[in-house]
Amino acid sequence: MHKGFIRGISAVLIGLWSAMLFSETEGVFDEYRAMLGDDNPAIFVIFDGEEIWFTPAGPKSASLEQCDLGLGPGVVEGAYAQLPRYFADVDRVQDVEARLEHCMTQLQGLTPAEVHGKPYSLRGDLGTELEALVAWIADQSSGLAIAPMQAHAKERATYELGERLFYYRAGPHDFSCATCHEQGGRRIRLQTLPNLTTYQGAAEAYSSWPAYRISQGIVRTMGWRMRDCMRQQRMPELVMGSEATVALQTYLAVNGAGAPMAAPGLKR
Amino acid sequence: MASRIRIRAQLKDDYCEVKALMRHPMETGMRKDQSGAAIPANFIEDIQVLHNDVVVVQAYWGAAVSANPFLGVRFKGGAQGDVVKVVWRDNHGDSGSGETTIR
Amino acid sequence: MQLLAFILFSTAVYANEAYNVLLDSMKDKNFVTLERLKQDELQEFCSQPRSASLDEVRAAKLREAAFKGVPIPTGERYLGDWQLGEKVASNGRGLQYSDDPEQENGGNCYACHQLDPNEVAYGNLGPSLSGYGARGQSVAMLQYTWTKLWNTHAYNVCSHMPRFGAAGILTEKQLQDVMAFLFDPNSPVNRSQP
């Protein structure tokens, strides 16, 4: 038989075999999730977050009970699902982390440096207060439809900005978010990449963060995920609650609007 | 080095559901560090769930259980206010425990 | 003409806005500075959805500039050591602020491409390169492949593949080794039986 023909058939078979192994790997993780059922180690982080919210802290010895996440001071249920949104008291659109920073500095008297000092866990850490707070706040929106506010002009402008940032190519590798997340059916090594320009992909991504990251043993937030993507894109460090991270999260949330929140999720 | 276990025990239908999260590296002994030397095995071998000091679950773990294990078990016969305890011992002889009351 | 000018201006304004927002939203970390946020002409031109239609005149100019910038390897030696090339292909580190700047950069080829058919952990952002050596080692084929690796924009103006040579990600030696990984009949890319 012609060598090229054999090569061709072999290539097709290898492709099929790999695809099968790949989908088995995917399937294995789904089975794992099914086995855990409602269980998620994040439950403990959620408890911590709730406790932190009600515990006085900072120079003003105040808790976060008066923090307005968009539905009024102290209203946490349903708030995450409507973020990012415009806040008149700061005249800008904020995500949950920017809003928590605002509350920590205004209500508790912490300095921005203290808030930004270490928002996210480093390797080997057991979780930060911010991660716990976001886990609890997101859990209070579990099951509710993703519905970021888009009524205010600044909210819509933030979406447009997010879309532009999504396609912004830079750095030594010329990466943008779109490099990995603009097409369907793609993966990097064996990690599937959701197409974030579509409802399906954006919903899948936005609804499942924050998430308990099994490999790290802690809860990671969407803000952290954005920062870590930027790191992998060979960009500098994305500041928590900054305009760019809020814009990118808005882009995702609006694209995935309508899908139910399922956070904290469970990830590898 | 005793280590804390976070536990929750809740009554559901006709059983008590226990969830526990423990910190442990669960090192298999197969991994190598930067210099190429094997990282010593360090994993939980023995774990028990006790209800009012009676062992209701006895498990023998090994290197295949992943780091920071999350344990979920159910047992019958628990009542609100009863004490549930989880105790582990690893291959170095270290142990950890935690307890809670059933809600 | 005025409409074109307006469109180009608006695009430039938008790109500028994105740049300014990023400058305010990021900070230097270790050896990675805000300098990286500044786009060159190619990056700016290609910051579009894949579906966007491109200005063909500018595209042709950018392709040509990319092509002209590709150097011939020292001594016209295109092929190095495939065993080292395999390491470059598997190494995903380099140029992140979490990386050690003293260590060599990897090409991370497996992130996007299938190479050794027995390696199942491969991505599909790019086409499969298994059996690449079957194309033979004519000068034309070696130069084409070298150019693709050095600066793929010479052929595909808005490709998402990094400019491994032109951007200084991989050294000439590393690229020669990767070439060998692709071309050498003994390389797993070509030799492995499924």
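A polar contact is a pair of N or O atoms within 3.5 Å; within protein, one must be able to donate a hydrogen and the other to accept it, and residues adjacent in sequence count only if both atoms are side-chain atoms. With that rule, 4 residue pairs are in polar contact across the interface of chain B and chain A (both at pLDDT 80 or more). This is a predicted model, in which local features need pLDDT of at least 70, side-chain atom pairs count only at pLDDT 80 or more, and totals for chains, interfaces and linings use all residues. Residues are numbered from 1 along each chain as its sequence is written, chains are lettered from A and ligands numbered from 1 in the order in which they are written, and side-chain values use heavy atoms, with hydrogens and water left out.

**Chain B against chain A**

- Contact (heavy atoms within 4.5 Å) links 10 residues of chain B with 14 residues of chain A.
- The two chains bury about 1,100 Å² between them, 59% of it on carbon and sulfur atoms; buried area is the accessible area (1.4 Å probe) that two parts lose on being put together, summed over both.
- Arg6(B) pairs with Asp48(A) in a salt bridge, at 2.7 Å from N to O.

**The two domains of chain C**

- An automatic or database domain assignment divides chain C into domain 1 (2–68) and domain 2 (74–191).
- Taken over C-alpha atoms, the centres of these domains of chain C are 26 Å apart.
- In chain C, 17 residues of domain 1 touch 14 residues of domain 2.
- Between them, domain 1 and domain 2 of chain C bury about 1,400 Å², with 68% from carbon and sulfur atoms.
- On the domain 1 side, Phe31(C), Leu42(C) and Arg63(C) lose the most area to domain 2 of chain C, together 36% of what that side buries.

- The interface of domain 1 and domain 2 of chain C has 1 salt bridge.
- Asp40(C) and Arg163(C) form a salt bridge, with their closest N and O atoms 2.9 Å apart.
- Across the interface of the two domains of chain C, 3 residue pairs are in polar contact (both at pLDDT 80 or more).

Methods: Salt bridge = Lys/Arg side-chain N within 4 Å of Asp/Glu carboxyl O.
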